[in-house]
Amino acid sequence: MKTNAIQLSDHFTLGRLFRFCLPSIGMMVFTSIYGVVDGFFVSNFVGKTAFASINLVMPFLMILGGVGFMIGTGGSALVAKFLGEKNQETARRVFSMMIYLTLILGVTVSVLGFIFADKVAVLLGAEADMVESCVSYARTCLIFNTMFMLQNVFQSFLVTAERPKMGLIVIVAAGLTNMALDALFIAGFQWGVVGAALATGLSQTVGGLLPLLFFLKKDNGSCLHIVRTKMEIRPILKACANGSSELMTNISSSVVSMLYNMQLMNLAGQDGVSAYGVLMYVQFIFAAVFIGYAIGTAPIVGYNYGAQNHAELNNMLKKSVRSTLITGVVMVGLAQALAAPLAHIFVGYDPELFEMTLHAFRLFSFAFIFSGFNIWCSSFFTALNNGAVSAAVSFLRTLVFQLVAVLILPAVWGLNGVWLSVVFAEVCAFVISVIFLFAKRKKYQYF
């Protein structure tokens, strides 16, 4: 079997670790960038009402697509553990079950989402002039939702299969497809939000189909390929429970985003929702670095957990803690420096909205100090096959702390309270993450 220069069984120096994780980081950053391009075209060529509309319905779509993150992260951790135990046959069977499960759930949730899209738009607080755009965008995206879920699943499994560079190539191909079609459908054909949704959906098809074709080949040169297998309830439940933290993160973030949008509609109207949409697009880019690092390191942790290599677990822990915290500080500096040009890209055509967005981003950006560590910590416990702790960190960070903050802080500080809510949540989550790391140190012997 063909092997890569860097394998999961290697000892990871800092340089080797970043070389292995760099494709995953690039993959997530590029994913976020082509999502930002969507927002740029809609905001500048369709208008701020359409921009607010897609931002209002986006959390609903992310919840449905988030099932793919659950299956990918939970399944890849389980598969990596089997690979560490030198049980490749079981690893391939479990991997194949995860792909079959994604296809089944993908079709099911897409049909349900399509049927109830109009009711969801109203429930989310869409005003009369926003409902049609919300529903059109959502239903068009849901046609491609199964491919979106497959893309999310394969982002994790390509790293586990020691093919992170292929993951990057696939995402770049999907991203370039999306950017080109955005320009064609929105700026060229003037298809509005439907054009944006079509561009997104077709790019997700590229991102889901190319890895599927790769893994269907038995002689693909990696340790994983799709095989015929029956669906077994135990590994499916184990993978889903283990990946529940990622689904929880996705659901929680989406639910919280809905609440943010409702608060902002009350405090600042459509401009508030548009400003928050800009923050989310930019946050995707910054957070993508941390998510990519978490995706890249998780199979290494899972493999060494299966191999009972405690020294390497300790090595991964120390390097990851230092890297995420230092990078977090650097990102705050970058965010402060780039706040004005980034806000101008999206809403420079509206001076009042630009000022609101600029002020919001400068407050919001302090969350980056701790967010990377918190994202990695949740992923670390997922890789250790401890879905309960991982879910607890994610649940508290993305739902409980943010809900408390966004309900209470605006009553004290008004609109500024909304922008500072994420900062409050990340600080609280940092404390919880550190407590869990110390509490579980003897069980996993990582220090």
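1. Surface. In this predicted model, the chain exposes about 17,000 Å². Buried residues, for their part, account for 60% of the 447 residues in the chain.

2. Overall fold. The chain holds 15 helices and 0 strands. Its radius of gyration is 21 Å, close to the 22 Å that the globule rule gives for 447 residues, so the chain is as compact as a globular protein of that length. Taken along the principal axes, the C-alpha atoms fill a box of roughly 60 × 40 × 35 Å. Among contacts with a separation of 6 or more, 83% are between residues 24 or more positions apart.

3. Aromatic pairs. A pair of aromatic rings is described by the distance of the centres and the angle of the planes. The count for this chain comes to 26 aromatic pairs. In the pair formed by Phe-214 and Phe-215, the ring centres are 5.0 Å apart and the planes stand at 70°, so the arrangement is edge-to-face; the cut-off for that class is an angle over 60 degrees. Phe-214 has a relative accessibility of 12% and therefore counts as buried. Phe-215, at 0%, also counts as buried.

4. Aromatic cluster and a charge over a ring. One aromatic cluster is formed by Tyr-305, Phe-370, Phe-373, Trp-376, Phe-380, Phe-381, Phe-430, Phe-438, Tyr-444, Tyr-446 and Phe-447. Elsewhere in the list of ring interactions, the charged end of Arg-139 sits over the ring of Phe-114, at 5.2 Å from the ring centre.

5. Ser-378. This residue is placed in helix H12, which spans residues 368-383. With a relative accessible area of 5%, Ser-378 is buried. The side chain of Ser-378 makes a polar contact with the side chain of Ser-394, at 2.8 Å.

6. Ser-133. Helix H4, covering residues 128-142, contains Ser-133. Is Ser-133 buried or exposed? Its relative accessible area is 18%, and the limit for a buried residue is under 20%; Ser-133 therefore counts as buried. Apart from its neighbours within four places in sequence, Ser-133 is in contact with Ser-53 and Val-193. Between Ser-133 and Thr-297 there are 164 residues of separation in sequence and 39 Å in space, taken C-alpha to C-alpha.

Key
Residues are numbered from 1 along each chain as its sequence is written. This is a predicted model: local features need pLDDT of at least 70, side-chain atom pairs count only at pLDDT 80 or more; totals for chains, interfaces and linings use all residues. Side-chain values use heavy atoms; hydrogens and water are left out. Rings of Phe, Tyr and Trp (its six-membered ring) pair if their centres lie within 6.5 Å; planes under 30 degrees apart count as stacked, over 60 as edge-to-face and the rest as tilted. Buried means under 20% relative accessible area, exposed over 50%, partly exposed in between (1.4 Å probe, protein chains only). A charge sits over a ring if NZ of Lys or CZ of Arg is within 6 Å of the ring centre and within 35 degrees of the ring normal. Helices (H or I, at least four residues) and strands (E, at least two) are DSSP runs, numbered from the N terminus. The radius of gyration is taken over C-alpha atoms; the globule rule is 2.2 Å times the number of residues to the power 0.38. Contact means heavy atoms within 4.5 Å. Accessible areas come from the Shrake-Rupley method with a 1.4 Å probe; for residues, only the protein chains shown count as cover. A polar contact is a pair of N or O atoms within 3.5 Å; within protein, one must be able to donate a hydrogen and the other to accept it, and residues adjacent in sequence count only if both atoms are side-chain atoms.
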